[in-house]
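These notebook entries record what I looked up in the structure shown below. I began with strand pairing and then turned to charged side chains.

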Amino acid sequence: MICLRFILMLLFAVLLAVATGGCSTSGDDAATGSAEMETENRVHEPGEGGSSRAALARGVSTDDEGEDAELAPEIRLVEFTYEWRVSPKKGLQIDLSFENPHDTYERARGYVIVVAGYTSSGGAVRGVYPWNVELKDGLPDDYSNGSHLLFRREQEISAFIPYGNSEGYYDNLRLLIYTEEGELLNDQRYELDVTGAPTEVRKPKIQFSL
């Protein structure tokens, strides 16, 4: 009887040990599985690499410094011609060509003013384009009265500055280019090949003084 009781107690102890060990193993598996799920969820969380992978898949650089920033539009004078005329009116014909060298959606904006003068008059004889620009100490009192530049790729301006005096002619010219905010981009001065007789179209070399 005592042997049977001892055998039953021993069998119960073995079964309890097996049961306890199985529960411990299941707990480890659950912890491991939970960690794997957490890792998987963390990899696919928005903002932690998902958007970068999508960008790379489209061939788009994710490096801010490597992205191509759109260049700002620029006002560039590419051609300037003039011609002295005596008929039907006496004066100076001027043609200006501007371009924006960058392929931008935003337009280049600014103003251009042309001041013509007669050297022998000591600055007393001057003509201005546009005609409503008033000068103060040789510069426009209000730059926004200039001819408005507004273009994406290119723009041409054709101007005639009449000469009202009976003697003399315009033999020098000053070209002023402003940004739309009033910053002076360029102040170019030219000596004109004019003697009072009609000329053919002249194409001087473009100068930049600023």
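Predicted model: local features only at pLDDT ≥ 70, side-chain atom pairs only at ≥ 80, totals over all residues.

Entry 1, conventions. I count two strands as paired if DSSP finds at least two bridges between them. Helices (H or I, at least four residues) and strands (E, at least two) are DSSP runs, numbered from the N terminus. Residues are numbered from 1 along each chain as its sequence is written, and side-chain values use heavy atoms, with hydrogens and water left out.

Entry 2, strand E9. I looked up the partners of E9 and found that strand E3 (residues 108-117) pairs with E9 in the antiparallel sense, over 8 bridges. Within this pairing, Gly-110 has Thr-179 of E9 as its bridge partner. E9 also pairs with E10, again in the antiparallel sense, over 7 bridges. Here I noted Tyr-178 opposite Leu-184 in E10. The hairpin of E9 and E10 has 4 residues between the strands, and Gly-182 in this hairpin takes a positive phi near 105 degrees.

I applied the accessibility classes: buried is under 20% relative accessible area, exposed over 50%, and partly exposed in between (1.4 Å probe, protein chains only). Why is E9 largely enclosed by the rest of the structure? Of the 8 residues of strand E9 (residues 172-179), 7 are buried, so the strand is largely enclosed.

I took a salt bridge to be a side-chain nitrogen of Lys or Arg within 4 Å of a carboxyl oxygen of Asp or Glu. My search of the whole structure returned 5 salt bridges; I examined several in turn.

Lys-203 is exposed, at 60% relative accessible area, whereas Glu-79 is partly exposed, at 32%.

Arg-202 is partly exposed at 28%, and Asp-193 is partly exposed at 43%.

I found Glu-74 partly exposed, at 28% relative accessibility, and Arg-76 partly exposed, at 34%.
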